Amino acid sequence: MANEKTMKHVKIPGVVNTVFFLIVCIFGFVLLAPFVIAKDTNSIIISSALIGCTFIAIIYASSHIEKQSRELESKIEELEGKRKGLEQLVDRNAKIEDMISSLVSMFITPKDIDTIILKTLERTATLCNVGNSYLFLFKSDGSAHMSHHWKTDEFQNESSIFEKTSFSYFPWIGEKLNKKEMIFISDDSKLLSNADRERKILNSNGLQSILVIPVEANGEIAGFVSVESYTVSIECCQEYLQTLKVVSELLGMALNHKSFLKDLGLFKDLINRSNDFIFVIDMEKDRIIDVNQTACQELGYSREEILGMGKQDIQSLLNDDFWENNFKDMLGDRYFGPDKILTRKDGSTLPAEINVTFSTLDQYNYALAVVRDITIRKGMESEIAKTKEVMELALEGADLGMWDWNLRTNEVMYNARWGKMLGYDAKEIKPNIEFWKHLVHPDDIKILNEAIDEHLTEELGLFECEFRMKNSQDKWQWILARGKLTEWDKMGEPFRFTGTTMDLDERKKVEEELRHSNELKDLFTDIMRHDLLNPAGNARGFSDVLLEMEEDPSKARILRIMQRSINKLIDMIETAAKFAKLESEEELEVMMMDIMDILNDATEQFDQQLQEKNMVIEMRADGSYPSMLNPIVEEIFVNYISNAIKYSPENTRIIIDIQDCNYEWKVNVIDFGDGIQDKSKPLVFDRFKRVDKSGVKGTGLGLAIVKKIAVLLGGTVGVDDNPEGKGSVFWVRLNKVHDSIVD
């Protein structure tokens, strides 16, 4: 290298000129010497002129050679610079070639995509002469999450700027990425003013420069690679632009491949987990080339055993040879075997159906066979057949007719009982809805259509309607029809309506008789309340007058006995009439009432009776107890208090208490009488059932009236033992007003 440098600085023209000057001087000395000695002036002049011309020629040649030399040196220096640039280019291309070839070699037979991505990030960082690189992928909401990263030991504790700061703070970078542009930002890079925000964030995080490479997958921006430098500016952005684009494409390929493997793995997993047996058969080689795990497990073979089966083994296994090419020509693209028998390895069999799809790939024919075990379905079909038989017997036993209406075609199918119910023969019944409606009474057709429409529009969950139909004897016969939608099409529209019919003629007659009986009962009740109660009231009035006038003790005693009997008679008439009225009621109108006010009104009625037996009522309740009630509820409290006075000894007390049961108020009337035996407690609220109490008479309707009133108000009644001693607790539960409920 030292000799080369020396040679480069040697001035070739100067050496040549010196030699020429010496030669000319010697030649001139030799030429002029004889003439000087001879003192030949002319020859000396001519020789001197010749020597001078020679010197001039040498000087001109020397300057020309000097010029050519300088030009040659310039060209040599230029060629040297190009040589160095070429060497650098060769080194860079070699570096790029080595990187690309190593990455491409990994993608030829990809095994671990994550490792490939990490290797790609490592080579990208190495190419850019930095110690870290990150791969971020976009989520559906537009945010970015880091999926992979590569760092040297020096940067293990460092995080990417996109980890520290939400991607929404980089709008300019986001806009560039959407345009699939590569982004380079540094302190000295010239950016638009709308990128100042990104530059400030970089500076605040101590970064000198950042390179963002877009990554595409399936034709769309899937994410980006971030190469970040804390010490130097990344100089390779323009120099390795094409290489970085290749890196971006390779990462996109890796993401696509990873997504493909994920989908393929999911598909394979679903195939293996499928309840069906799935076989792929090569029709040219008569071989099974793929099979799912379910088939292997259920049939008792290993995967290798099934894949190694010959044609005869496959025929024995599937009990079919549908994959024969001549069969395919007849069957077309699909084949369905509804009733096949598969043979397991242990020789046992199972019923199955086979659904086959034929396909051709690269002029080779394949068959995809999906085999379904129908053991359960066969059992269900058997059960359905038995159920159908039982249902037919049940319909026959219940004397019900059955109909099945197709809403699309308006066809209606009937069973034999439907026609017999109206006296028609099966041949006389037309299988359409118009025939049915033609038999309906004109006054009932509107009601029937409205009931059907309400069910079809899902306003009512069950169709039910009573109407009259003309029977074979041209008489109107009452029918009860019940039904329900049982099937819908793919669009969610109903198309099958199934139900039953029942002959109501006998029931209608009974209802008419019952209505007439109720009218007689109401008439009898009115007679009791008016025609019997008025004379009894008169008799009680006259007995009171006679008792006041009578001075004879024996006659007065007889009058008092008669007076008690009349009072009892009046009480019986009023109680029976009241119970008869309640029995005809189905519900009562309710309003918000305070139980405490009702109890106060009820207790005031018994002041005289309490004084006669020297008894007191202890009211433990205090405050307001709002409930939804009817004024008739006072009868409950009057009856309880009256019974407590009747059945309690003198000089005792009656306790009234109200308990908060969250959704209900529980009113307790507690006495200290003899109490009620456990076996008698379930009977005391039944009508005409009363517990034997010596010296006390009753109709047995009082507590029955209490129970009826409570039921009409949505409440309950009962009796328990007195927890404070001898006696009973008669209680009633009544619903609260909603505002009083504590959840």
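Q: Two strands pair if DSSP finds at least two bridges between them; in strand 10, which residue is the bridge partner of Val280?
A: The partner is Leu368. Strands are DSSP runs of E with at least two residues, helices are runs of H or I with at least four, and both are numbered from the N terminus. The model is predicted: local features need pLDDT of at least 70, side-chain atom pairs count only at pLDDT 80 or more, and totals for chains, interfaces and linings use all residues. Residues are numbered from 1 along each chain as its sequence is written, and side-chain values use heavy atoms, without hydrogens and water.

Q: What makes strand 6 and strand 10 a pair?
A: Strand 6 (residues 277–282) and strand 10 (residues 364–373) are joined by 6 bridges. The definition asks for at least two, so they pair. Their directions are antiparallel.

Q: How many bridges link strand 6 and strand 7?
A: There are 4 bridges, in the antiparallel sense. Asp282 faces Arg287 of strand 7. The hairpin of these strands has 4 residues between them, and in it Asp286 has a positive phi near 55°.

Q: What is the strand order of the open sheet of 5 strands, and which are its edge strands?
A: The order is 7-6-10-9-8, with antiparallel pairing. Strand 7 (287–291) and strand 8 (334–343) are the edges, because each pairs on one side only. On average, neighbouring strands are turned by 30° against each other, direction ignored. Helix 12 (residues 311–318) packs on this sheet, touching strands 6, 7, 8, 9 (349–361) and 10, and its direction makes about 85° with that of strand 8. Such angles run from 0 to 180 degrees between N-to-C directions, with axes fitted to C-alpha atoms, for helices over the stretch in contact.

Q: What makes Ile479 count as buried?
A: Ile479 lies in strand 14 (residues 476–488) and has 1% relative accessibility. Buried means under 20% relative accessible area, exposed over 50%, and partly exposed in between (1.4 Å probe, protein chains only). Ile479 at 1% is therefore buried. Leaving aside neighbours within four places in sequence, it is in contact (heavy atoms within 4.5 Å) with Met421, Leu422, Cys465, Glu466, Phe467, Met469, Thr501, Met502, Asp503 and Leu504. Met469 is 10 residues from Ile479 in sequence and 6.8 Å away, C-alpha to C-alpha.

Q: Why is Val440 called buried?
A: Its relative accessibility is 5%, so it counts as buried. Val440 sits in the loop between helix 16 (433–438) and helix 17 (445–456). Beyond four places in sequence, its contacts are Ile445, Leu448, Phe467, Arg468, Met469 and Trp476. Val440 and Ile479 are 39 residues apart along the chain, with 9.6 Å between their C-alpha atoms.

Q: Are Cys296 and Cys465 buried or exposed?
A: Cys296 has 11% relative accessibility and is therefore buried. Cys465 has 5% and is likewise buried.

Q: How many disulfides does the structure hold?
A: It holds 0. A disulfide would be a pair of cysteine sulfur atoms within 2.5 Å.

Q: How do you know that the buried residues of helix 7 line one face?
A: In helix 7 (residues 196–204) the buried residues are Glu198, Arg199, Ile201 and Leu202. Seen down the axis, they fall within an arc of 160°, so they line one face of the helix. The arc is that of the directions from the helix axis to the C-beta atoms. Lys200 and Ser204, on the other side, are exposed. The buried residues pack against helix 5 (161–164), helix 6 (171–178), strand 3 (183–186) and strand 4 (209–217). Gly206, with a positive phi near 80°, follows helix 7.

Q: What percentage of the 743 residues is buried?
A: Buried residues make up 37%. The secondary structure comes to 23 helices and 22 strands.
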